[in-house]
Amino acid sequence: MAEFPLGLYGTYEDNAAGAVNQSSWALGAPLRTMNNPLEAIRAVIAVDWLADELVVDPRWIVISPLTKQHMRQARMDVRRVLGISIDAPSASVMDALLSTAWGLEQGARPDDIGAFKNSPFALPPQQTFNRLSNLPYIATANIATSEAATQIPTNGRRS
């Protein structure tokens, strides 16, 4: 299973809870990621990772099976929007997105970011960047992340 760098979703929150909270916020309305591809990348990484994490990590046993199914559908729909192969391993998707984020943070142009030019991205680099900069509303992603956010276990109980 894929892992991401510690602190990706905040210093004082574990990555799993942070991924749920950040993606739920970011995917709730397109304006939250508009012209901010880095925020969109973080939300996309969260959905991709959570689709597996909610199923395999015993800590998430309290999450509804329907929510887990919704998250898997959300991953497929988000990947379709971005032209990412549906059957690509989550680790390669996350690596490509993290590499893309790093390149953007360093000021690289989309055409100069190597990750955009390789699998799992099927669209041309500029088109992928444009979609990340103007991520449309993806209902399944909004529903799945919102459901997960209401079910995060806290101190052994559902919130």
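Leaving aside neighbours within four places in sequence, arginine 75 is in contact with Val47, Asp48, Ala51, Asp52 and Ser90. Contact here means heavy atoms within 4.5 Å. Arginine 75 sits in helix H3. With a relative accessible area of 12%, arginine 75 is buried. The classes are buried for under 20% relative accessible area, exposed for over 50%, and partly exposed in between, using a 1.4 Å probe and protein chains only.

A word on the source. This is a predicted model, in which local features need pLDDT of at least 70 and side-chain atom pairs count only at pLDDT 80 or more, while totals for chains, interfaces and linings use all residues. Residues are numbered from 1 along each chain as its sequence is written, and side-chain values use heavy atoms, with hydrogens and water left out.

How confident is the predictor? pLDDT is its confidence in each residue, from 0 to 100. The chain averages a pLDDT of 88. Of the residues, 89% score at least 70. Confidence is highest in helix H3 (residues 65-82), at a mean of 97. It is lowest in strand E2 (residues 157-158), at a mean of 43.

Next, the overall layout. The chain has 6 helices and 2 strands. Helices (H or I, at least four residues) and strands (E, at least two) are DSSP runs, numbered from the N terminus. Along the sequence, the pattern reads α-α-α-α-α-α-β-β. Of the 159 residues, 48% count as buried. Among contacts in the chain with a separation of 6 or more, 65% come from residues 24 or more positions apart.

Now the helix pairs. Start with H2 (residues 37-56) and H3. Their axes come within 9 Å and cross at roughly 150 degrees. That makes H2 roughly antiparallel to H3. Axes are lines fitted to C-alpha atoms, for helices over the stretch in contact, and angles run from 0 to 180 degrees between N-to-C directions. Angles under 35 degrees count as roughly parallel, over 145 as roughly antiparallel, 65 to 115 as roughly perpendicular and the rest as oblique. The H2 and H3 crossing is left-handed. A crossing is left-handed if the near helix is turned anticlockwise from the far one by less than a right angle, and right-handed if clockwise.

Which residues bring H2 and H3 together? From H2 come Val44, Val47, Asp48, Leu50, Ala51, Asp52, Leu54 and Val55. They meet Lys68, Met71, Arg72, Ala74, Arg75, Val78, Arg79 and Leu82 in H3. By class, this contact of H2 with H3 has 10 nonpolar, no polar and 6 charged residues. Ala, Val, Leu, Ile, Met, Phe, Trp, Tyr, Cys and Pro count as nonpolar, Asp, Glu, Lys and Arg as charged, and the others, Gly among them, as polar.

H3 also packs with helix H6 (residues 139-150). The axes of H3 and H6 come within 8 Å and cross at roughly 145 degrees. This crossing is left-handed. H3 contributes Leu66, Thr67, His70, Met71, Gln73, Ala74, Asp77 and Val78 to the contact. H6 contributes Thr140, Ala141, Ile143, Ala144, Thr145, Glu147 and Ala148. The residues of the contact of H3 with H6 divide into 8 nonpolar, 5 polar and 2 charged.

H6 meets H1 (15-26) as well. The axes of H1 and H6 come within 8 Å and cross at roughly 135 degrees. H1 and H6 are therefore oblique to each other. Their crossing is left-handed. Val20, Asn21, Ser23 and Ser24 in H1 meet Asn142, Thr145, Ser146, Ala148 and Ala149 in H6. This contact of H1 with H6 has 3 nonpolar, 6 polar and no charged residues.

Finally, follow the chain from the loop between H1 and H2 into H2 itself. Asparagine 35 lies in that loop. Asparagine 35 has a positive phi of about 60 degrees although it is not a glycine. At 64% relative accessibility, asparagine 35 counts as exposed. Asparagine 36 lies in the loop between H1 and H2 too. With a relative accessible area of 30%, asparagine 36 is partly exposed. Not counting residues up to four places away in sequence, asparagine 36 touches Leu132 and Ser133. Proline 37 has its place in helix H2. Its relative accessible area is 12%, so proline 37 is buried. On the count that leaves out residues up to four places away in sequence, proline 37 touches Leu104, Phe129, Leu132 and Ser133.

Conventions. pLDDT is the predictor's confidence in each residue, from 0 to 100.
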